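Have a look at the sequence and the fold, then run through the points below.

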Amino acid sequence: MSSSVEIVRRALASDATKADLFRALEADPFDLGPVAELFPELAQEWQAVGNAMQVPWQFVMLLDLELAAALAPTAVLFPLPTLQIHAVLWWFLFHPGAFNTSAAVRLYSEVLQLIEQDINESRGERRRAWAEQHTAEADRARADGERRRPPGAPVNPFGGDVSICGGSGSLEGEGKIMALERNLSRSVHFLTEGKRLLQWLSLEGGSNQTIVLELFERLLWRRNTINGERSYVVPHPYFLAAGALHLEDVLELFVGADPLGIRGRLGLFYARATFKRAHEVRDAAAAISTQRRLTAWLSFRVFPPPPPA
């Protein structure tokens, strides 16, 4: 099998071979028409954001769907009583380079950080209100002659901060964060290069051959080690990932062995690069928003602020 990988790798060293491959991929287009027919407003927004950032609209759609899924980690679709579908996405744009994908990934990462910040600010207000209420109740109890906190008294349910955004550490570290009850077993990653996801899974797969099944199918993720500080249990893991991949990044998966089962769960698509003139970029940006930066516009769109009192 290793010889087959080397043969393909040598073939792909030719620019002509790569060009032929991407021409073949373009022969199976990812058209806007069917999407616009079902979701006309969203299709228009995805196209405008893509034009404003000079990335394929399909990539914007993918990141938008990832963001929406991140806000509903407990949602389950039951098309049949016996069939459960969770919104678990591991989708990546397959491209030859120079697609400006890092800018789009950064944009949606910033949007997710804003949403996380809003959630934690709201959580902090609830935490303070809960503490003030129960402090008043304790003061009244002491005034009535009670000297200590009664057994079984409630604990502030709004303790700690919610973590939605994925970090740059190891998959093991992500698991420990996901295992915190308030995080709903959730972790979201917008990865500039999807190679990082493959490396994480391969490293963790060295000690856990079922890691891909556990994360993608939302099974119990139990990590037991001799060192108790490195052990954790994620009852219903919800791990999302999106980004971009180069041909060389997935070469081993498609011509070599795939013991972890990544190939069948990794979504890949190709779209033509988008290059616009300056006036086209300005027009697209103006069509989206004239009052807020794109980051704020997207965050308010998916997580609107409460109406004024």
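Among contacts in the protein chain (heavy atoms within 4.5 Å) between residues at least 6 apart in sequence, 75% join residues at least 24 apart. Keep in mind that this is a predicted model: local features need pLDDT of at least 70, side-chain atom pairs count only at pLDDT 80 or more, and totals for chains, interfaces and linings use all residues. Residues are numbered from 1 along each chain as its sequence is written, and side-chain values use heavy atoms, with hydrogens and water left out.

**The overall picture**

- The protein chain has twelve helices and eight strands; these are DSSP runs numbered from the N terminus, with helices being H or I of at least four residues and strands E of at least two.
- The protein chain has 309 residues, and 39% of them count as buried. Buried means under 20% relative accessible area, exposed means over 50%, and partly exposed is in between (1.4 Å probe, protein chains only).

**The nonpolar core**

- The largest nonpolar core holds 74 residues. Such a core is a set of buried Ala, Val, Leu, Ile, Met, Phe, Trp, Tyr and Cys residues joined through side-chain atoms within 4.5 Å.
- Helix α5 supplies the largest share of this core, with nine residues.
- Trp90, Leu201, Phe239 and Leu266 have the most contacts inside the core.

**Aromatic pairs**

- Searching the whole structure turns up nine aromatic pairs. Rings of Phe, Tyr and Trp (its six-membered ring) pair if their centres lie within 6.5 Å; planes under 30 degrees apart count as stacked, over 60 as edge-to-face and the rest as tilted.
- One of them is Phe30 with Trp57, an edge-to-face pair at 5.6 Å centre to centre and 65° between the planes. The two sit 27 residues apart, with Phe30 in the loop between α2 (15–26) and α3 (33–38) and Trp57 in helix α5 (residues 57–70).
- Phe30 is partly exposed at 33% relative accessibility, whereas Trp57 is buried at 11%.
- Trp90 and Phe216 also pair up: their ring centres are 5.2 Å apart and their planes are at 75°, so this pair is edge-to-face. Trp90 lies in strand β3 (residues 90–94) and Phe216 in helix α9 (residues 211–216), 126 residues apart.
- Trp90 is buried, with a relative accessible area of 1%.
- Ring pairs also join Phe30, Trp57, Trp91 and Phe269 into a cluster.

**How α4 packs against other helices**

- Helix α4 (residues 40–53) packs with helix α12 (residues 294–302) at about 160°, with axes 13 Å apart. Axes are lines fitted to C-alpha atoms, for helices over the stretch in contact, and angles run from 0 to 180 degrees between N-to-C directions.
- α4 and α12 are therefore roughly antiparallel. Angles under 35 degrees count as roughly parallel, over 145 as roughly antiparallel, 65 to 115 as roughly perpendicular and the rest as oblique.
- On the α4 side, Leu42, Glu45, Trp46, Val49 and Met53 make the contact, and on the α12 side Leu294, Trp297 and Arg301 do.
- The axes of α4 and helix α11 (residues 278–288) come within 8 Å and cross at roughly 140°, which makes α4 oblique to α11.
- Ala48, Val49, Asn51 and Ala52 of α4 meet Val281, Ala284, Ala285 and Ile288 of α11.

- Leu298 is in helix α12 and is buried at 0% relative accessibility. Setting aside residues up to four places away in sequence, Leu298 touches Leu107, Tyr108 and Val111.
- Val234 is in strand β6 (residues 232–234) and is buried, with a relative accessible area of 0%.
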